Amino acid sequence: DSYRGIILARLEEPTNLEETVVRINRCTTVTKGGKSMSFSALVVVGDRKGSVGIGFGKAREVPSAVSKAVKEAKKQMVKIPIKGDTIPHIALGRFKAASVFLKPASPGTGIKAGASARAVLESVGIKNILTKCYGKRNPLNVAKATLVGLRALRTKKEIEELRGVKIE
């Protein structure tokens, strides 16, 4: 029975996922045999309906680094509550030295965000949002801080259940 649940979970994986390569870094390691090059890739995967995941992969070639990152991103997928085409309320996401402030915006505003935060927000399916990045602007940490902020979001229904009261 437990194996059947795992198999069903694998089958229910969404097929309409979009992959966005945010950053590809070239890394050089100096060894006694000379310099060895490798690549790291930061990838955001989402279905534009509220699910998103971030992956980071390293390999000797770019395509294999990207595929590793995509595989990790699919494992890390989380569901984000969205209200129409924006977020339910203001949120602040912090990861290491990066902080990302997220604020809901009215229709027609668009996504006001930097490259890594924009990739995460577009993959979730948010169309109108204001963001501000504080602290360090390292693409990986900014992407993770954005995800932390999005995971902190709660819908009105969730808060009502949590507190056990009705909110008008």
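The legends below describe close-up views of a predicted model.

Local features are given where pLDDT is at least 70 and side-chain atom pairs where pLDDT is 80 or more, whereas totals for chains, interfaces and linings use all residues of this predicted model. Residues are numbered from 1 along each chain as its sequence is written, and side-chain values use heavy atoms, with hydrogens and water left out.

**View 1. The largest nonpolar core and the elements that supply it.** A nonpolar core is here a set of buried Ala, Val, Leu, Ile, Met, Phe, Trp, Tyr and Cys residues joined through side-chain atoms within 4.5 Å, where buried means under 20% relative accessible area, exposed over 50%, and partly exposed in between (1.4 Å probe, protein chains only). The largest such core holds 28 residues, of which Val52, Leu102, Leu121 and Leu150 touch the most other members. At least two residues of this core come from each of β2 (34-46), β3 (51-59), β6 (98-104), α3 (115-124), β8 (129-135) and α4 (139-151), helices (H or I, at least four residues) and strands (E, at least two) being DSSP runs numbered from the N terminus. The largest share, 6 residues, is that of α4. Another core, of 10 residues, lies apart from this one and includes Leu17, Ala65, Val66 and Val70.

**View 2. The surroundings of Leu102.** Counting contacts as heavy atoms within 4.5 Å, and leaving out residues up to four places away in sequence, Leu102 touches Ile87, His89, Ile90, Ala91, Leu121, Ile129, Leu130, Thr131, Thr146, Gly149 and Leu150.

**View 3. Helix α4 and its N-terminal cap.** Of the 13 residues of α4, 10 are buried, so this helix is largely enclosed by the rest of the structure. Those buried residues are Pro139, Leu140, Asn141, Val142, Ala143, Ala145, Thr146, Leu147, Gly149 and Leu150. Asn138 caps the N-terminal end of α4, with a side-chain oxygen lying 3.1 Å from the backbone nitrogen of Leu140. The end C-alpha atoms of α4 are 18 Å apart, in agreement with the 18 Å that its 13 residues should span at 1.5 Å a residue, the expected span being 1.5 Å times one less than the number of residues.

**View 4. The buried and exposed sides of helix α2.** Ala65, Val66, Ala69, Val70 and Ala73 are the buried residues of α2, and seen down the helix axis they fall within an arc of 135 degrees, so they line one face of the helix; the arc is that of the directions from the helix axis to the C-beta atoms. These buried residues pack against β1 (18-31), β2 and β3, while Pro63, Lys71 and Lys75 are exposed on the other side of α2.

**View 5. The open sheet β1-β2-β3-β4.** Strands are said to pair if DSSP finds at least two bridges between them, and the 4 strands of this sheet pair in the antiparallel sense. β1 and β4 (78-79) stand at the edges with a single partner strand each, so one side of each is left without a neighbour in the sheet. β3 and β4 are joined by 2 bridges, and the bridge partner of Ser51 in β4 is Lys79.

**View 6. The open sheet β5-β6-β8-β7.** The pairing among these 4 strands is mixed, and the edge strands, β5 (91-95) and β7, each pair on one side only. β6 and β8 run antiparallel over 7 bridges, with Cys133 of β8 as the bridge partner of Val100. Strand β7 (residues 111-112), by contrast, pairs with β8 in the parallel sense over 2 bridges, and the bridge partner of Lys112 in β8 is Leu130.

Key. A polar contact is a pair of N or O atoms within 3.5 Å; within protein, one must be able to donate a hydrogen and the other to accept it, and residues adjacent in sequence count only if both atoms are side-chain atoms.
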